[in-house]
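Trainee: I would like to learn how to read the features of a model like this one. Please take me through them in turn.

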Amino acid sequence: MEEKKRILIVEDERAIVEILKFNLMREGYDTLEALDGELGLELARTKDPDLILLDVMLPKMNGFEICQNLRDAGSTVPIIMLTAREEETDKVFGLEAGADDYMTKPFNILEVKARIKTILRRAGAGKEAPKMEITAGDITININTRSVISHGEPVNLTVKEFDLLNLFMSNIGKIYSRDELLETIWGFDYIGDFRTVDVHIRRLREKIEKDPANPKHIMTKWGVGYYFAE
Ligand code: CA
């Protein structure tokens, strides 16, 4: 039997915590809850959750700090930020801090469940796959272990960063529009919201390119999209 996936909910509004907890448990997940940022970070570090739902405005430590803190420590745990609708800039900050995805409140619980499923499926997909490596130029990815070596050094990528790189390296030279990338990697439409793609592309460049300002692999085709060059 497959082990239950564990989801950490970091949110200070108890009513939202209860809704999430109820629905996720019914879906077969284990949940952990933290009502403030410090406890959230501690549980994220010590309880090894499979995914984190992370509110932005929290007592003691905000969601951006928690996210940044985990990423700085090399954690690649999938993180979905929960932001308030009026806080547009939060989306970008969250992605910059290393979140894989974000949802605005009030959210639709069906959509929350769908996004969690998409991310967890991706995160777990490599484990059953046969060992498989792709090398292009000075970058090697292993689809089985979801590990990446760039210029001889191991690189920690988040779920979405890895999925992007994998897609690009599996289709060298193919140009993907942002729409196609959103649909393929995130699995749903953010109509017109391309910042998610752009921020992830920038982060990916910062991690795998020797000179991120002059990328040699993750290339921009102006007005069209992105592609991978060997
Ligand atoms: Ca809050």
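**Reading the model**

Mentor: Asp55 is buried, with a relative accessibility of 3%. Keep in mind that this is a predicted model.

Trainee: What cut-off makes a residue count as buried?

Mentor: Buried means under 20% relative accessible area, and partly exposed lies between that and 50%. Asp55, at 3%, is therefore buried. Asp12, with a relative accessible area of 32%, is partly exposed.

Trainee: Which protein atoms are donors of the calcium ion?

Mentor: The donors come from Asp12 (OD), Asp55 (OD) and Met57 (O), and they lie 2.1 to 2.3 Å from the ion. Written along the sequence, the spacing of the donor residues is D-x42-D-x1-M. Asp12 sits in the loop between S1 and helix H1 (14-26), while Asp55 belongs to strand S3, so this pair ties together parts that are 43 residues apart in sequence. Water is not among the atoms, so the site may look incomplete.

Trainee: How should I read the sheet that contains S3, and in what order do its strands lie?

Mentor: Strands of a sheet pair through backbone hydrogen bonds, either parallel or antiparallel. Here 5 strands make an open sheet with parallel pairing, in the order S2-S1-S3-S4-S5. Strand S2 (30-34) and strand S5 (101-105) are the edges, each pairing on one side only. On average, neighbouring strands are turned by 20° against each other, direction ignored.

Trainee: How many bridges join S3 to S4?

Mentor: Strand S3 (residues 51-55) and strand S4 (residues 79-84) run parallel and are joined by 4 bridges.

Trainee: Which strands does helix H2 lie across?

Mentor: Helix H2 (residues 37-46) lies across strand S1 (6-10), S2 and S3, and runs at about 145° to S2.

Trainee: Ile9 is in strand S1. Is Ile9 buried or exposed?

Mentor: Ile9 has 0% relative accessibility and counts as buried. Leaving out residues up to four places away in sequence, Ile9 touches Val17, Leu20, Lys21, Leu24, Thr31, Leu32, Glu33, Ala34 and Leu53. For Ile9 and Lys21, which are 12 residues apart along the chain, the C-alpha atoms are separated by 7.9 Å.

Trainee: Now the other sheet. What is its strand order, and how do the strands pair?

Mentor: It is an open sheet of 4 strands in the order S6-S7-S8-S9, with antiparallel pairing. Its edge strands are S6 and strand S9 (153-155), each of which pairs on one side only. Neighbouring strands are again turned by 20° against each other on average, direction ignored.

Trainee: Which residues of S7 are buried on its two faces?

Mentor: In strand S7 (residues 139-142), Ile139 and Ile141 on one side and Thr140 and Asn142 on the other are all buried, and both faces are covered. Helix H6 lies across S6, S7 and S8, running at about 110° to S7.

Trainee: How is a pair of packed helices described, taking H6 and H7 as the case?

Mentor: Two packed helices are described by the angle between their axes and the distance between the axes. For helix H6 (residues 159-170) and helix H7 (residues 178-186), the axes come within 10 Å and cross at roughly 120°. The crossing of H6 past H7 is right-handed. Lys160, Asp163, Leu164, Leu167 and Phe168 of H6 meet Leu181, Thr184, Ile185 and Trp186 of H7. By class, this contact has 6 nonpolar, 1 polar and 2 charged residues.

Definitions and conventions
Residues are numbered from 1 along each chain as its sequence is written. This is a predicted model: local features need pLDDT of at least 70, side-chain atom pairs count only at pLDDT 80 or more; totals for chains, interfaces and linings use all residues. Side-chain values use heavy atoms; hydrogens and water are left out. Two strands pair if DSSP finds at least two bridges between them. Axes are lines fitted to C-alpha atoms, for helices over the stretch in contact, and angles run from 0 to 180 degrees between N-to-C directions. Contact means heavy atoms within 4.5 Å. A crossing is left-handed if the near helix is turned anticlockwise from the far one by less than a right angle, and right-handed if clockwise. Ala, Val, Leu, Ile, Met, Phe, Trp, Tyr, Cys and Pro count as nonpolar, Asp, Glu, Lys and Arg as charged, and the others, Gly among them, as polar. Donors are N, O and S atoms within 2.8 Å of the metal (3.2 Å for Na, K and Ca); water is not among the atoms, so sites may look incomplete. Buried means under 20% relative accessible area, exposed over 50%, partly exposed in between (1.4 Å probe, protein chains only).
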